[in-house]
Amino acid sequence: MSEQFEMAEHTIVIERELDAPRELVWKVWTDPDEVARWWGPEHFTTPREKIEFDLRPGGVCRMTMVGPDGVEYPNDGHFGIVEPPARLSFGEEKTEHPMIESGETTVELFDLGEGRTKLVITARLICANELLEMARMGWGSQLDKLEVLLAS
Amino acid sequence: MTTATDQLSITFAALADPTRRAILARLAEDGEVTVNELAEPFPVSVQAVSKHLKVLERAGLITRGRSAQLRPSRLEGAPLRDVASWLEQYREIWEGRLDRLAHHLQDIQRKADPNE
């Protein structure tokens with residue numbers, strides 16, 4: 001490809017309140033036996049034998065997701081922050097996307113009392129400005145509308 | 001052989017130019033537009049716009065009328081949506097993951113406390 005993209009950092013923040021105490025949320029997030037049971041993503045599995053955690057700053061964070069067609073998507077990264085039971089970060093999640101290089105994800109757990117926990121995920125992606133511009137303009141949903149318009 | 005990634009690269013290369021992105025935005029709003037109409041708002045010649053349209057057509061981002069003399073251009077949504085919706089999909093993956101996390105937490109707490 002002759003044209004180069006200008007890469008910029010983009011942050012996605014996702015929040016969720018969970019009916020579980022903070023220590024339990026931390027365990028489920030950092031114990032490979034537990035992670036294998038929910039990481040996914042949808043229609044994918046992350047088998048236990050394909051998860052390797054060395055839970056300390058700089059330690060390996062390896063997990064391979066297996067698609068519905070059996071194709072494997074390995075992630076080979078490292079832990080950054082490891083502060084139980086409050087903060088965890090891991091990085092260098094690989095993507096297949098040529099406009100996105102790599103990123104670091106931080107997970108923060110806040111004790112809400114009464115056995116509830118607020119989870120805040122901050123995913124930092126390095127992506128091309130062009131992609132961000134299109135996302136900002138809502139291209140994805142705009143195209144859905146256009147398709148309906150053209151089909152009518 | 002053309003892989004999915006090659007197709008994405010072609011799409012991205014076509015999108016790397018601001019004039020071409022503006023052309024796509026115009027097509028997204030107006031549906032079918034001729035080259036003369038497209039050239040109007042840009043400080044470039046009709047010939048230059050024609051060249052941009054060729055790049056967009058090769059990338060599969062637009063199709064152009066064959067029979068009509070004016071050959072109006074029209075946006076093709078699929079390749080562009082693959083690109084543009086990536087960040088939305090990324091968020092959806094996380095939302096789905098957190099749904100499963102919440103269910104898993106429910107399960108293990110129910111098992112730990114059978115009286116509940």
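In the predicted model, the hairpin formed by β3(A) and β4(A) has five residues between its strands, and A:Gly70 adopts a positive phi near 85° there. The pairing of β3(A) with strand β4 (residues 72-83) of chain A is antiparallel and extends over seven bridges. Within this pairing, A:Cys61 lies opposite A:Gly77 of β4(A).

A further hairpin involves β3(A) and β2(A), with six residues between the two strands. A:Gly58, located in the turn, has a positive phi of about 90°. Strand β2 (residues 51-53) and strand β3 (residues 60-66) of chain A run antiparallel and are joined by three bridges. A:Phe53 has A:Cys61 of β3(A) as its bridge partner.

The order of elements along the sequence of chain A is β-α-α-β-β-β-β-β-β-α-α. Of the 152 residues in chain A, 21% are buried. When contacts in chain A between residues at least 6 apart in sequence are considered, 42% of them connect residues at least 24 apart.

Elsewhere in chain A, A:Glu108 is located in strand β6 (residues 100-113). A:Glu108 is classed as partly exposed because 16 other C-beta atoms lie within 10 Å, a count between the limits of 12 or fewer for exposed residues and 20 or more for buried ones. Not counting residues up to four places away in sequence, A:Glu108 is in contact with A:Ala86, A:Arg87 and A:Val120. A separation of 9.9 Å is found between the C-alpha atoms of A:Glu108 and A:Pro84, two residues that are 24 positions apart along the chain.

The mean pLDDT of chain B is 79, and 78% of its residues score at least 70. Among the elements of chain B, the highest mean pLDDT, 90, belongs to helix α4 (residues 46-58) of chain B. The lowest mean value, 66, is that of helix α5 (residues 77-84) of chain B. For the complex, the predictor reports an ipTM of 0.81 and a pTM of 0.67.

Note on methods. Residues are numbered from 1 along each chain as its sequence is written. Chains are lettered from A and ligands numbered from 1 in the order in which they are written. This is a predicted model: local features need pLDDT of at least 70, side-chain atom pairs count only at pLDDT 80 or more; totals for chains, interfaces and linings use all residues. pLDDT is the predictor's confidence in each residue, from 0 to 100. Helices (H or I, at least four residues) and strands (E, at least two) are DSSP runs, numbered from the N terminus. Two strands pair if DSSP finds at least two bridges between them. Two residues are in contact if their C-beta atoms, placed from the backbone, lie within 7 Å.
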